[in-house]
Amino acid sequence: MTLRADLAKIAELVPAGVRVLDVGCGDGELMAELRDAKGIDARGMEIDAAEVARAVARGLSVVQGDANRDLADYPDQAFDVAILSQTLQTAERPDWLLEQLLRVGKVAFVSFPNFAYWRMRMSLLVNGRMPHSRHLPESWYKTKNIHHLTVDDFRAFVAERDVHVRGSWFFADGKEMGGGHANWRAEHAVFQLSRKES
């Protein structure tokens, strides 16, 4: 099975031998890749019971939990890497969730769909209705996304919180692209974050 572009980039960047927590891990696709390719014994948290069952059936260590509350139960720096893939926009409090990610993990990877992608803008302009895409496939009233954000929104968001951006990667049509004009050219983004050294 081929990983989604953002997951493939995260899998490439996570070093072997680290402790990983995948928050909102779905069926454990990324965790399975980290296990099989790098021998990483990752842990996962997922709110959807059916997805938890699929992950556990793969032999993965996944618990059912709501990241909006349950991340608070993990100890500080319990993991080397915390991953939040395509989940930030579904969080009740993205600011609280980012704080928790950077508390439980030394480094965090966050990926999200970019609502300022040019096709989204064009769809909204031409049709006057909330757009649909591969990463935003549901109608506005069915979607789990409650905080649409853009690449520039996220950059400002982390800058306001004195979070260090260790790297960023951008994708369109399933392919990695350069970072120039990413706010309108990127369909989705991956950021690698950590606390700034004091």
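I looked up what the side chain of Asp48 reaches, and found one of its polar atoms 2.9 Å from the backbone nitrogen of Ala50. I count this as a polar contact, meaning a pair of N or O atoms within 3.5 Å, where within protein one must be able to donate a hydrogen and the other to accept it, and residues adjacent in sequence count only if both atoms are side-chain atoms. The model is predicted, so I note that local features need pLDDT of at least 70 and side-chain atom pairs count only at pLDDT 80 or more, while totals for chains, interfaces and linings use all residues. Residues are numbered from 1 along each chain as its sequence is written, and side-chain values use heavy atoms, with hydrogens and water left out.

The atom of Asp48 is a side-chain oxygen, and the contact sits at the start of helix α3, residues 49–57. I placed Asp48 itself in the loop between β2 (43–46) and α3. Helices (H or I, at least four residues) and strands (E, at least two) are DSSP runs, numbered from the N terminus.

I checked the exposure of Asp48: it is partly exposed, at a relative accessible area of 30%. My cut-offs are under 20% for buried, over 50% for exposed and partly exposed in between, with a 1.4 Å probe and protein chains only.

I also took a distance to Asp66, which is 18 residues from Asp48 along the chain; their C-alpha atoms are separated by 9.0 Å. Just after α3, I noted a positive phi of about 85 degrees at Gly59.

**Val110**

I moved on to strand β5 (residues 105–113), where Val110 is found. Val110 is buried, with a relative accessible area of 1%. Which residues does Val110 contact, leaving aside its neighbours within four places in sequence? I listed Leu84, Leu88, Leu98, Leu101, Phe154, Ala189, Val190, Phe191 and Leu193; contact means heavy atoms within 4.5 Å. For Phe191, 81 residues from Val110 in sequence, I read 5.3 Å from C-alpha to C-alpha.

**Whole chain**

I counted eight helices and eight strands in the chain. The radius of gyration is 16 Å, close to the 16 Å from the globule rule for 198 residues, so the chain is as compact as a globular protein of that length. That radius is taken over C-alpha atoms, and the rule is 2.2 Å times the number of residues to the power 0.38.

I found 49% of the 198 residues buried. Of the contacts between residues at least 6 apart in sequence, 66% join residues at least 24 apart.
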